[in-house]
Amino acid sequence: MSHTRDRYAKPEGPPGDAPAVRVTDLTVTTPDGRHLLREASLTVHPGRVVALTGPSGAGKTTLLRALTGLLPAGTARTAGQVDVLGQDVFALTERELRTLRGTRLAYVGQDPGSGLNPRMRVRSLVRELAADRSAEAVTALLAEVRLPDDGRLAARRPGALSGGQQRRVALARALARRPDVLLLDEPTAGLHPELREEIAELLRHLAREHHLAVAFSCHDPTVVERFADDVVELGTPPPPPHPAPFTRTPAARSAPQSRSALDVRNLHVTFRGTPVLTGVDLTVAPGAAVGIVGASGSGKTTLVRTVVGLQRSTSGTIHLAGSPLSTGLLGRTREQRRGLQLVTQNPLGALNPSRTVADTVGRPLRLHRRCPSGEIRERVAGLLEQVGLAPVFADRYPHELSGGQRQRVAIARALAAEPDVLICDEVTSALDPDTGRAVMDLLAGLRERHGMTLVLISHDLSLVADRTSSVTVLEAGRVVESGSTVDVFTAPRHGATRALLGRYAPAAGP
Amino acid sequence: MTIKAALRITPALLLLSLALVGPWIAPNAVDTPVTAPFAEPDAAAVLGGDQLGRDVLSRLLAGGRDLVLSSLLVAVLVTGTAAVLGAIGAVRPLVGRLVERTADVLMLLPAVLGILLVTLSWPDGGRFAVIAAAVVLGVPYAVRLAASAATPVAEAGYVEAAAAGGERLWYLVVREILPNLRATLLALFGLRFVAAVYLVATAGFLQVGPQPPAADWALMIRENSSGLLLNPWAVVAPSLAIGLLALSVNLAAATLAPQTGRKAVTVL
């Protein structure tokens, strides 16, 4: 660890056993009487790491945000007490609360990228809040969150960072304040396993060495098991995911063609002169499931964004079922756009905040005339049920949903278009294991019954091993290895693949 | 809607409806003298007389409708055009650059000069010439604001998802982007209303647009300024009316803008 011990002041006197955070029987209720959180209790002692687990929608984010004195708009605390560092946060004035949040309490949200000012460089972002503003301190902080400064990274802006890198910059910002209490909402989602363990290890190190009280929410049972000192399970049991058979107009699907469903040749993409993808090839057979893996920042997301037309390529070709697709969205027909659906990594921005879930999911049905308008409501309920959401969610707005629920709505919207190729960018990282498994079962079922082609981007290598037949490994914008999943995972030929597999023991020899 | 919100909207509603029905409830004719020129308030004329001895109260009641309607029309047209142009510009960067450069050039034109240009080249235009001039002069400012508010929304995941899902430009603009700009657009509407009142009143003061003997708040201020010391109400009343109108409409617009909810919750 490059961590210098004296960066933190030693705690004055032994606070000993006094908990840094104590929540007792906290209940948070919406105006219409739903409980976002029911009698939740949580105690975090300095020097200990507490994990919050529970199904998506159980109130993990609400509980963590309540510790900072913030509740979702329109909701109220109906019972319980929240003490942070000996102060009741709901009794504090706005000013005292701000001081508390600014100096002693750090919170890193689920979508940390949106908390980073897009106009500021990484260097200034970290320095902005730092107790020690020297350049060395910033470099040390970046090294601590495993973002070694190669001389260029600190000069980039958030837009030029990958999701995983943004997450680590946000963590560095939180640590820069030298807080006493560190709260993290899904700190390991969307990171590759090695990095996930490093971050978890870092959290434990911070707790042990600097006497920080750390609380984080997490879906990953292995991380929780290995790194948490205490586990708090939240749970209002959600409606169980119920993958009903997916109905589809039978005529819509002809016999699988021999040509590939998706064919990417020699794709080059540059961001303002910096090459991001260099000569990438990807071939996906109809009805196949293909994985794309790689360290964070290796260009996985850029590749799929280019494929769906959200990013223009500088050269290279993309063919969908044999017909060429133009680079960018403008030259693509509506049918081509329908055939290729992407579920993005960040569920928080993926839904229009002004429209209900039913509107959002129903729109592709209307747009692509997938069913008569009288049946749309029914189909929407069916789609929601498939992704494990009760029909009552149809009339809710995105701000009333948790991260995992929004992710499932985004999946339902993509499925509503009945795509030929579905691209999932880290779709399960915001879901608890049970829901994640149910969603993957649903997608696998669609693939088997209707020949839908699936492209999976994931850091969860066991998911890729279980669910895909072939895999492509990206490193620094180049394909370093591709082949059948079993071959690549059992006998990796390239160093980058071996590094990725790292601790992941290839027990996957299906 | 809460009682508090209703209270904030009431002044604007009252003032607007008073201005609209004013011509019908005016106690005296607006073009015949009922008292001495610049007479002080008395029983016959509650706010006294103007330069020709006409009833100030009646002229005040009658003189707001055209100003209010013109200003509202200008504000709606300016905000609507700017919102659509700004949102299109955010989705299609090329159009966006074109719109912004054009706006930059138009902004260099001084407002009074613009009004004179339009009204002199279209002498029979009357109030419509003033409205046209006010719209042309207002859109450049508004479009810059709308475009900068629309840009982050256009980059949001849901707009990308809709675009990738096959939605046309019009749907992206009207259904995906504009509803999420409600707060900004309402604030912009309030601002443009004040600017429109200012422009239309300036035109009235310059006597382009409404001509005497028509009753018009701006015209009243100009006509009666010579008698300010004899009967101050003949000038103060229409001035107050213009000021209150601008204030109350802005208060209502700010109240109607959504404060919370229905937006991605990222406070920290």
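A cavity here is a set of grid points where a 1.4 Å probe fits but cannot get out, and its lining residues have an atom within 4 Å of a point. With that in hand, I opened this predicted model.

**Entry one: the cavities.** I listed its lining and got 28 residues, with A:R413, B:Y158, B:A161, B:A162 and B:G165 lying nearest the centre. Which helix gives the largest share of that lining? It is α7(B), with six residues. Chain A joins in through β15 (340-343), α10 (357-367) and α12 (403-416), each supplying at least two residues. Sorted by class, I have 14 nonpolar, seven polar and seven charged residues around this space.

Helix α5 (163-176) and strand β7 (181-185) of chain A each give at least two lining residues, and α5(A) has the largest share, three. By class I wrote down five nonpolar, one polar and four charged.

I then turned to the nonpolar cores. The largest has 97 residues, and A:L262, A:L303, A:L340, A:I423 and B:I177 make the most contacts inside it. Helix α6 (residues 127-154) of chain B gives the most to this core, 14 residues. Apart from it I found another core of 43 residues, among them A:V49, A:L125, A:L153 and A:V223.

**Entry four: one residue up close.** I picked B:I177 and set aside its neighbours within four places in sequence; its contacts are then B:A87, B:V91, B:A150, B:V153, B:A154, B:V159 and B:L172.

Methods:
Residues are numbered from 1 along each chain as its sequence is written. Chains are lettered from A and ligands numbered from 1 in the order in which they are written. This is a predicted model: local features need pLDDT of at least 70, side-chain atom pairs count only at pLDDT 80 or more; totals for chains, interfaces and linings use all residues. Side-chain values use heavy atoms; hydrogens and water are left out. A nonpolar core is a set of buried Ala, Val, Leu, Ile, Met, Phe, Trp, Tyr and Cys residues joined through side-chain atoms within 4.5 Å. Buried means under 20% relative accessible area, exposed over 50%, partly exposed in between (1.4 Å probe, protein chains only). Helices (H or I, at least four residues) and strands (E, at least two) are DSSP runs, numbered from the N terminus. Contact means heavy atoms within 4.5 Å. On a 1 Å grid over the protein atoms alone, a cavity is a set of points where a 1.4 Å probe fits but cannot get out, and a pocket is an open set with protein on both sides within 12 Å along at least five of seven lines; lining residues have an atom within 4 Å of a point. Ala, Val, Leu, Ile, Met, Phe, Trp, Tyr, Cys and Pro count as nonpolar, Asp, Glu, Lys and Arg as charged, and the others, Gly among them, as polar.
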